[in-house]
Amino acid sequence: MQQAGTIETTLEDSGTVTLRLGGGFDMDAGCADSAAAEAMLAQGAKLLRYNADRLENWDSSLVAVLYELEKLAAAAGMPIDRSALPHRLAGLLAMAASIGNRAGDTAKICNGPISCLGAQTTEAWREMLRFLDFAGNTTLALVDLIRGRSKMRWRDFWAVLQNVSVEALPIVVLISFLVGVIIAFLGAVVLKKFGAEFAISYLIGYGILREMGAIMTGVIMAGRTGAAFAAQLGSMKVSEEIDALQTLGISPNEFLVLPRVVTLVLMMPLLTVFADLVGIFGGYLVAVSMMGVASGQFFIGLDFVAGLNDFALGLFKAMVFGVLIATSGCMKGMQCRASADAVGEAATKAVVLSITLIIFANTIIDWAAAHFNV
Amino acid sequence: MSAADTHIQVRGLTMAYGSRVIMQGLDFGIARGGVTAIVGGSGCGKSTLLRHMIGLLEPAKGEILYNGESFTAAGTLRRAEMLRRFGVTYQQGALWSSMTLGENVALPLEQYTKLSAQDIRRIVQLKLALVGLAGFEDYAPSDISGGMRKRAALARALALDPEVLFFDEPSAGLDPISSRRLDELILQVRDSTGATIIIVTHELPSIYAIVDQCVFLDAETRTMAAVGSPAELRDNPPSDTIGRFFRRDAEEAQPA
């Protein structure tokens, strides 16, 4: 095992700095110490020279250090004489010093916290404009479809339809059942305190029909289908399939987005009907088995408070959520950049965006419903 | 070729996917410090051969030796040590897209050496400068052009001072100028690192420009048809297929 390499520095009166390389340089031993040489170069030397008489073996750990020193020398306008170096070492240093692409060709988005905050705010604003723009384009495509001038692919339509309906039903049913059970448990705790167990059916009726049925279906479909839409369109974007459509004069909005939006808007209310039924059933089981509410009493109570308008409100919400989920999923997919991890990113963003929009929309609809006494 | 300067030896190699034989009876040696091209028509198994040589695929029969030591028979640990001496540049660059260029080049160094973070940064700077990408440490692979990605991938392949450099279709998807620049870069790398270079390609201009030795794979006979320098194979082709490959396209590709 040879000892670690050293770089000795001498400065002659003429201003010539000589770097004397000695021993073996090996990556496993770390890079050689170059502080002395750096200091000497800073003292206004005029020429950088090498002496490699005692140099044994070397690898990139030496080249990296010399490259840094040469950069310092070059920055000070110092000529560099590599003639004493082994042929390959000189070659590598010359190669590294030759000018390639310059960094900074692509602009950085922001520097400093304030400009970053500004950049993010304008980005959020633009994001909203893009969403509106995208929704508008999809609406126009829908209008075209209704007037019979659109080129929607019906085979796609049926494939997506199956995916967002029958294939989504098991998970929607399972989650809704559990949500019904959870609401009933909540009611059990709260209502028992007032001795008002009979009112459990009020809570379940209102809770499931007006709110939880649609919201839970929306959240499930955002995670399941919205993400899938974004990933599908995103990978099509990466493999330039969407560009291929556009160059053929086919609008990707009509061809890809429309079938997805339309199917989801049609199927969300149907899924919500199932979610409502199963959710109420879940609550009923808890009410009857754990709270001692009579079966007949439960249904009479349910019928007494919950009306068709509550059910309709849920379905209306479901349709709105359908629009939001499909639009955000497709939009994030279409905005996907051309790289592999961009697809995952698009799917994540689609889920976050659609769940946020669902909750916002739900709040607004509830406010309007209270206002108009629905 | 004397045994001393034979770097890589392929002996009786048969490559197969399950029971489907791709190529059989491959026997050739590769000289140290030379540029060797694996050539042949599309789909003849060029990339498959390369993947056998770097251990991504296992041979159905035969073995591959580096410096006289069998890579095929080596155990997991020994193989990892041998792999450390390889640098591979994949067809699409295969830069890890979630990391910056600097992190891409640093990963092999972090994995295989005990260098400090500061030293790794220095070596990364050097490697990127070598391929003409000085100052691009903080760029994401998606922020740079295709030609730059290829060169960044070369910087990553060079990270550990490899003895053998593999290139899978280096000029695929590049314009003639970028592809010539890459050819020049490959020659510079060979001259200054002394690495043995193996290229999978079917670009004749680039074959004539940089290759010392060709291994021609024939898709019809499913075996190696010839080994020789590109000029030799063009002027005295051992078979019609080879002659057509080197001559006819050569006339088209070199109008001057």
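Tutor: Strand β3 (residues 35-39) of chain B runs parallel to strand β9 (residues 213-218) of chain B, and 4 bridges link them. Strands here are DSSP runs (E, at least two residues), helices are runs too (H or I, at least four), and both are numbered from the N terminus. Two strands count as paired if DSSP finds at least two bridges between them. One bridge joins B:T36 to B:Q213 in β9(B).

The model is predicted, so local features need pLDDT of at least 70 and side-chain atom pairs count only at pLDDT 80 or more, while totals for chains, interfaces and linings use all residues. Residues are numbered from 1 along each chain as its sequence is written, with chains lettered from A and ligands numbered from 1 in the order in which they are written.

Now widen the view. The pair belongs to an open sheet of 6 strands in chain B, in the order β6-β7-β8-β3-β9-β10, with mixed pairing. At the edges stand β6 (86-89) and β10 (223-228) of chain B; each has a single partner strand, so one side of each has no neighbour in the sheet. On average, neighbouring strands of this sheet are turned by 15° against each other, direction ignored. Axes are lines fitted to C-alpha atoms, for helices over the stretch in contact; angles run from 0 to 180 degrees between N-to-C directions.

A helix covers part of this sheet. Helix α5 (residues 146-157) of chain B packs on the sheet and touches β6 and β7 (164-168) of chain B. The direction of α5 makes about 165° with that of β6(B). Contact means that the C-beta atoms of two residues, placed from the backbone, lie within 7 Å.

B:D161 lies in the loop between α5 and β7 of chain B. Its phi is positive, near 50°, and B:D161 is not a glycine. Most residues other than glycine have a negative phi. B:D161 counts as partly exposed because 19 other C-beta atoms lie within 10 Å. The cut-offs are 20 or more such atoms within 10 Å for buried, 12 or fewer for exposed, and partly exposed in between.

Helix α5 has another partner. The buried residues of helix α3 (residues 101-112) of chain B pack against α4 (117-130) and α5 of chain B. Those buried residues are B:L101, B:G102, B:N104, B:V105, B:A106 and B:L109.

B:F216 and B:L128 touch the most other members of the largest nonpolar core, which has 103 residues. Such a core is a set of buried Ala, Val, Leu, Ile, Met, Phe, Trp, Tyr and Cys residues joined through C-beta atoms within 7 Å. Apart from this core lies another, of 66 residues, including A:A231, A:C336, A:V343 and A:A347. Leaving aside neighbours within four places in sequence, B:F216 contacts B:V39, B:G40, B:M224, B:A225, B:A226, B:L233 and B:I242.

Last, the chain around this part. Chain B has 9 helices and 10 strands. Of its 256 residues, 46% count as buried. Among contacts in chain B with a separation of 6 or more, 64% are between residues 24 or more positions apart.
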